[in-house]
Amino acid sequence: MNPQRVIPEVQDLHEMIKQRQNPIMSYDLADELVVKIEQLKFPDGWENSDGAQFGDVIFDLSSTYPRKQPKVYVSDDMSYRGGSPHVLYAQSVAPDGFTKYCIHTLSDWDPDKHSLKTMFNILEVSLENPKAKNPLQEA
């Protein structure tokens, strides 16, 4: 993983998200290799245990990023219309307070073309239609 690439990606992602809302973003590229977005406003239908639409997201970059797309985790108290759609994969290992968010592996993931902004855009599409079998194809 190349911090010289990832840091500008985090900054670009933050600028993109800030155009619509004001989340808190942080990253750890030394030990955990994660980018964290806190207090992200989820689309209608999503809510946390307090009844608000805000939750946290983690992009787990792994040492192979950007050759391999990151894993995505969301706050474990998020639900969609009171339930847990298949995209919330609670059986998977996740950081404390989070659950794995299943985003299909992109067969055309290209480290020269794709970035954290790509992953965030994919997450947004999937959050809008979380009960779809493959939200990316149905979007």
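This is a predicted model: local features need pLDDT of at least 70, side-chain atom pairs count only at pLDDT 80 or more; totals for chains, interfaces and linings use all residues.
Reader: How do the residues lining the largest pocket divide into nonpolar, polar and charged?
Author: The lining has five nonpolar, three polar and four charged residues. Ala, Val, Leu, Ile, Met, Phe, Trp, Tyr, Cys and Pro count as nonpolar, Asp, Glu, Lys and Arg as charged, and the others, Gly among them, as polar. Residues are numbered from 1 along each chain as its sequence is written, and side-chain values use heavy atoms, with hydrogens and water left out.

Reader: What makes it a pocket?
Author: On a 1 Å grid over the protein atoms alone, a pocket is an open set of points with protein on both sides within 12 Å along at least five of seven lines, and lining residues have an atom within 4 Å of a point. E5 (71-75) and strand E8 (98-101) each supply at least two lining residues.

Reader: Which element gives the most to the lining of the second largest pocket?
Author: That's H2, with four residues. This pocket holds about 160 Å³, and Arg20, Phe42, Phe120 and Glu128 are among its lining residues. The lining divides into five nonpolar, one polar and four charged.

Reader: What makes the pair of tryptophan 46 and tyrosine 80 tilted?
Author: Rings of Phe, Tyr and Trp (its six-membered ring) pair if their centres lie within 6.5 Å; planes under 30 degrees apart are stacked, over 60 edge-to-face, and the rest tilted. Tryptophan 46 and tyrosine 80 sit 5.3 Å centre to centre with 55° between the planes, so they pair, and tilted it is. Tryptophan 46 lies in strand E3 (46-47) and tyrosine 80 in strand E6 (79-80), so the pair ties together parts 34 residues apart in sequence. Ring pairs also link Phe42, Trp46, Tyr80 and Tyr101 into a cluster.

Reader: Which residues have the most contacts inside the largest nonpolar core?
Author: They are Leu13, Ile37, Val57, Phe59, Tyr101 and Leu116, in a core of 32 residues. Such a core is a set of buried (under 20% relative accessible area, 1.4 Å probe, protein chains only) Ala, Val, Leu, Ile, Met, Phe, Trp, Tyr and Cys residues joined through side-chain atoms within 4.5 Å. H2 gives the most, with six residues.

Key: Buried means under 20% relative accessible area, exposed over 50%, partly exposed in between (1.4 Å probe, protein chains only). On a 1 Å grid over the protein atoms alone, a cavity is a set of points where a 1.4 Å probe fits but cannot get out, and a pocket is an open set with protein on both sides within 12 Å along at least five of seven lines; lining residues have an atom within 4 Å of a point. Grid points are joined across faces, edges and corners, and a volume is the space filled by probe spheres set on the points.
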